[in-house]
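Morning, everyone. Structure up, please.

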Protein chains: 2
Amino acid sequence: MRQSTLFGRTLREAPSDATTPGTQLMLRAAIARPLAAGLYTWLPLGFRVARKVEQIIRDEQDRIGAQEIRIPVITPAEYWKETGRWDSLEPVTFRTRDHGGHEYMIGYTHEELVMHHARNEINSYRQLPVMVYHFQEKGRDEQRPRFGVMRGREFLMKDAYSFDIDEAAARRSYNKMFVAYLRTFARMGLKAIPMRAETGPIGGDLSHEFIVLAETGESAVYCDSDVLNLPVPGEEIDYDADLNPIIKQWTSVYAATEDVHDAARFDREVPADKKVHTRGIEVGQIFYFGTKYSDSMKAMVAGADGAEVAVHGGSYGVGVSRLVGAIIEACHDDAGIKWPEAVAPFKAAILNLKQGAEDTDAACEQLYRELNAKGVEVLYDDTDQRAGAKFAAADLIGIPWQILVGPKGLAEGKLELKRRSDGTRENLSPAEVVARLTS
Amino acid sequence: MRQSTLFGRTLREAPSDATTPGTQLMLRAAIARPLAAGLYTWLPLGFRVARKVEQIIRDEQDRIGAQEIRIPVITPAEYWKETGRWDSLEPVTFRTRDHGGHEYMIGYTHEELVMHHARNEINSYRQLPVMVYHFQEKGRDEQRPRFGVMRGREFLMKDAYSFDIDEAAARRSYNKMFVAYLRTFARMGLKAIPMRAETGPIGGDLSHEFIVLAETGESAVYCDSDVLNLPVPGEEIDYDADLNPIIKQWTSVYAATEDVHDAARFDREVPADKKVHTRGIEVGQIFYFGTKYSDSMKAMVAGADGAEVAVHGGSYGVGVSRLVGAIIEACHDDAGIKWPEAVAPFKAAILNLKQGAEDTDAACEQLYRELNAKGVEVLYDDTDQRAGAKFAAADLIGIPWQILVGPKGLAEGKLELKRRSDGTRENLSPAEVVARLTS
């Protein structure tokens, strides 16, 4: 992609209402733009990140056998009324009516809707276990939308739902999702710590939040530093095996948000030199809620003995929009964003340090063609900005690899390859640069 | 995927309110399920088709240099008020208010929103041409939602927008999109004919609809049969070249929907043996609307001479949800759907004709593992239904290749490979089946 026609201008200064470093960078780097409080449009750079985040989540959901569906944004009131959440969610939801007077809610979450489908599609224990998920916009009328895309009023979420014949089976589904989430966040270059959580409006008695540590996060968190170094299961993980040892390993080390923090236990269990008290951003939450929704919605299946039982359910959310914001909060310096390679909008940026000069133009064009042909996603800064402005924009946008093409280096057949994450630089021939980025 | 745990049951009979063959098949084959009139959830089989449709559209948008973004579903009233469409669209839109009393519309389309971003991000002719697109749910409060997902009240749409410095440049963008659409529909296995169209609520004076011919379509169409055999540009197409000859070739042959049909011209220009009068389904529409939105929204850029001019715009929609329905209408027989391979939910179906018998179970499992390992998407009917029911379900669901695994054939080391599109069958060894499906 040529930067001269990239839709979205980088900004020198962040608007004054951007309160966290991540929100400021998100706006300055043209990741997203507000339309109103808490309503953001993803510009091309941000959308590319969101897509990669989404694809990593999808991969790991597919790996545990979850099936992708899509439920509408506009959800009829009748389903919410079956569980009583039509009224209880009123203060935080957007409502609408059609011209015939029927009422709808912009989906705040989708338990009722998916439970409705489950009661129609599943009638026997033989069809279980089933997990389904979808990526869909959610609407939540936050009184105080803030932190940019991290607490918006519309945001993209992956929500998954499990259906099982009994509690033991449901806990196996819960465990699969727990491990899938560990892998999902790790693949994005994040350290996300599962923490026991309150269940809030979803309900149930078992829940974990996954928290990315960041100084600017909205929740205070307390943990044992050991939890930061636990191994995340690799892709050879066998999801049909007993996952309890992994769950136990992750949940027996102290880690809690302020909501459920137990100061006495923290003092008792965690040695002083391992006490971590910082802030974090919730990027996912999982719930086991038993028969809470299936009882009221009559989602029954025939068990092995023929008797009808209510299905046991769980729900599992990851905020795609929120993750993009969280990654920026967790991965940046004063100059800009430092995207982890797995979610970066492009892998490499070419900076033409003397736009319009025959030799740098030719070298950049050739490199651009060659990297594209080899499948390397590359952003070519072909604008007529000066070198200094290009350096600043590249650091701000935060592409992992910068290729600096200037007349001085070219005279010696060299380009400079700069790694954004640690600032290291190397002088390499064009062929070496290509080899490095395609190896 | 194992069919025993596939979320979504096939139905022997379609609900009585399903009025077209395609809608009946969509429900019977568990492609989608209604939540209310015109609001559908995609079940896993249908979602897989929708994703492939989406990916083909995305590929072709990317190929012409369009940049993907995402604008929210919930759109603030203020932008619509700038152009006067807040009032004019009232009868067909869903409205909501937040708890602070601010008004929003579920996006009916997104011209105003994207124009708002364009006026902020683009300030010079040097940044043009720009095309952006997004996939996003649209809400339209149709008085009479019908034809299943084809005229729903919420649906997924790809809408693209072009920005150019003048009319000549805007027509080049229009032409690119025209050709991209020809390619997009052809890749899905559809014959979609561009027809001159009225511009309706989008406005402007140049527009084409792309119509898939199907007896059950909602519009009557008239065309010269020559238009059915015109060549669609291949992937070697050079979008920077002059595309006018292609446009001319496609638009000089008579083809019109009833709205703009000119009976006298049809009689004069089309020989009797080439007159086609049938029905069709609109799957896409493109518009050039000049400065209609940029004038009222003050989307100005500096031209080469420094003078400020309003950008010339176009918008370009494809209905993803609608396409899934249109493909079913265009590709089915009495027994069920016949998915074109490019959009089929799976490439192959394994039918275990004697579930529970050691030899067929073992052969199916091995084939299932092998095909999965080689990246062939396969649906394994491992249910305990009898052979007859499995045949019927497979024809209904419409996976392009069926692999029938029965004890009789197995005794001779053979499976039967059936092609759904034409019903041809061959007896092959398992290795030959794998080779055929991976070649």
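Start with the interface: 42 residues of chain A are in contact with 42 residues of chain B. Contact means that the C-beta atoms of two residues, placed from the backbone, lie within 7 Å. On the chain A side, β7(A) gives the largest share, four residues. By class, that side has 20 nonpolar, 11 polar and 11 charged residues. Nonpolar is Ala, Val, Leu, Ile, Met, Phe, Trp, Tyr, Cys and Pro; charged is Asp, Glu, Lys and Arg; polar is the others, Gly among them.

A word on the source. This is a predicted model: local features need pLDDT of at least 70, side-chain atom pairs count only at pLDDT 80 or more, and totals for chains, interfaces and linings use all residues. Residues are numbered from 1 along each chain as its sequence is written, while chains are lettered from A and ligands numbered from 1 in the order in which they are written.

Next, the helix pair. Helices are DSSP runs of H or I, at least four residues, and strands are runs of E, at least two, numbered from the N terminus. In chain A, the axes of α1 (residues 21–28) and α10 (residues 320–330) come within 8 Å and cross at roughly 110°. Axes are lines fitted to C-alpha atoms, for helices over the stretch in contact, with angles from 0 to 180 degrees between N-to-C directions.

Last, the lysine. B:Lys248 is found in helix α7 (residues 244–251) of chain B. Is B:Lys248 buried or exposed? Exposed, because B:Lys248 has 10 C-beta neighbours inside 10 Å. The cut-offs are 12 or fewer for exposed, 20 or more for buried, and partly exposed in between, counting other C-beta atoms within 10 Å, placed from the backbone. From B:Lys248 to B:Asp334 is 86 residues in sequence and 38 Å in space, C-alpha to C-alpha.
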